[in-house]
Amino acid sequence: MYKKYAIQLISTTVGLLVLCAATVFLLDPAFQYHLPFPGVEATYTNERYQNAGLIKNQDYDSICIGSSVTSNFRASWFDERFGGKTLKVSYPGGTFSDFDLALKTAYETHDIKRVYWSLDPRLLSADPQNPHEIPTYLYDFNPFNDVQYLLNKDILLESCATTAIASLTRTHSDLDKAFMWETDKTRYGLEAAIASYRRPKDIGFQYDRHVFNEPLRANLEIIDKWINSHPETTFYLYFPPYSTLYFDSIKRQGQIDAMMFLLYDTANRYKDKENVRFYSFIDQNILTTNYDNYTDMVHYRSEVNHYMVDYMADNPPMDDSAVSALASHLRSLMENYDFDSLYPPSVQDKYK
């Protein structure tokens, strides 16, 4: 009798596991095995889990990649100005190890003509390894570790349920607008930007210019690897337009010389590469001093993203004189800009 119950229990358990795996496989909310079947609506809810499947299975020949400052791009903007078919993969809180893994998967599955890559100064000066969890098993092609996806409770009860509800209600999500954090309720302006900015105390001295060297070299090695190994690809590299609030923090933390060296060294490194077109938006005052563009010190509205696409399509990349002008402009900004004037007197007194 006990043997019979044991067999029934094992059979029921195996059956439920198979049903769970089959449901995840068929709905495939992370697009690991296929794009949605007819009648199944895609839902875009988690870049870290879904980018891998999009990279593997979407149709594209160009890729837009970077941190959360790239989230408000639309792939169609690149297609309209540069041609081809673009996939946007943004990684909020990401680092260069995330971008490295994404590009590895992209090149293993597609022929890539263009890469539009945001080189955030904050990331260039940080450890390339990401302390936050990323599901690396979704980026490989090992079927044996897929159990982590197929038998994942959260995937089944949350992601699959969301996909099922969207499919039943015929709620369509547009991939071109996927993962954009900008909404109708997003607050922009100086007040919003300052509210989310914890102004550091002024330490009263400047660190040596080489203070970022170790992480910078590690990150540049990742970039170099892809540029040098894929001469057939054109890399559009650029500094995103951080607001002047960012440079206030740099100045007060004694990092003027270090950040100047990082920006100059990076721009100078890539401006003459045959398969690279290098741009900088971090020194464009039309963007960085207009706080109506910003919701915090580095994140900006989608119109700025659109502007950058058009600018790269219509303007030549940086040359020697442009790199020198970048360095001169930013040093003048950090040394002479009246950052205190951005704050009410009570805030100025607090941080003296």
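This is a predicted model: local features need pLDDT of at least 70, side-chain atom pairs count only at pLDDT 80 or more; totals for chains, interfaces and linings use all residues.
Which residues touch the most other members of the largest nonpolar core? They are W117, I223 and L237, in a core of 79 residues.

**View 1. The whole chain at a glance.** Welcome to a protein chain with 15 helices and 5 strands. Its C-alpha trace spans about 85 × 50 × 40 Å along the principal axes. Of the 352 residues, 53% count as buried.

**View 2. Around W117 in the largest nonpolar core.** Here we look at W117, which along with I223 and L237 touches the most other members of the 79-residue core. Helix α11 (residues 256–270) supplies the largest share of this core, with 8 residues. Setting aside neighbours within four places in sequence, W117 is in contact with I65, F96, F99, L103, I223, W226, F235, Y236, L237 and Y238. There is also a second, separate core of 18 residues, and C64, F281, M308 and V309 are among its members. As background, nonpolar side chains in soluble globular proteins tend to be buried together.

**View 3. Helix α10 and its cover.** Take a moment with α10 (residues 244–252), a helix that is mostly covered, with 8 of its 9 residues buried. The buried ones are T244, L245, Y246, F247, D248, S249, I250 and R252. What covers them includes α5 (121–124), α8, α11, α12 (285–288) and α14. After α10 comes G254, which has a positive phi near 70°.

**View 4. Where α10 meets α14.** The axes of α10 (residues 244–252) and α14 (residues 320–336) cross at roughly 70° and come within 9 Å. At that angle, α10 is roughly perpendicular to α14. The crossing of these two helices is right-handed. On the α10 side you will find T244, F247, I250 and K251, which meet L330, L333, M334 and E335 of α14. By type, the residues of this contact divide into 5 nonpolar, 1 polar and 2 charged.

**View 5. The pairing of α2 with α4.** Now for another pair of helices: α2 and α4 (residues 96–109) pack at an angle of about 25°, their axes 8 Å apart. This makes α2 roughly parallel to α4. From α2, the contact involves R48, I55 and K56, and from α4 it involves D98, A102, T105, A106 and T109. The residues of this contact divide into 3 nonpolar, 2 polar and 3 charged.

**View 6. D28, a residue with a positive phi.** What is the phi of D28? It is positive, about 40°, although D28 is not a glycine. You can find D28 in the loop between α1 (2–27) and α2 (47–57). Is D28 buried or exposed? D28 is buried, with a relative accessible area of 0%.

**View 7. F179, in a loop between α7 and α8.** F179 is not a glycine, yet it has a positive phi of about 65°. The loop that holds F179 runs between α7 (153–168) and α8 (190–195). F179 counts as buried, its relative accessible area being 11%.

Conventions:
Residues are numbered from 1 along each chain as its sequence is written. Side-chain values use heavy atoms; hydrogens and water are left out. A nonpolar core is a set of buried Ala, Val, Leu, Ile, Met, Phe, Trp, Tyr and Cys residues joined through side-chain atoms within 4.5 Å. Buried means under 20% relative accessible area, exposed over 50%, partly exposed in between (1.4 Å probe, protein chains only). Helices (H or I, at least four residues) and strands (E, at least two) are DSSP runs, numbered from the N terminus. Contact means heavy atoms within 4.5 Å. Axes are lines fitted to C-alpha atoms, for helices over the stretch in contact, and angles run from 0 to 180 degrees between N-to-C directions. Angles under 35 degrees count as roughly parallel, over 145 as roughly antiparallel, 65 to 115 as roughly perpendicular and the rest as oblique. A crossing is left-handed if the near helix is turned anticlockwise from the far one by less than a right angle, and right-handed if clockwise. Ala, Val, Leu, Ile, Met, Phe, Trp, Tyr, Cys and Pro count as nonpolar, Asp, Glu, Lys and Arg as charged, and the others, Gly among them, as polar.
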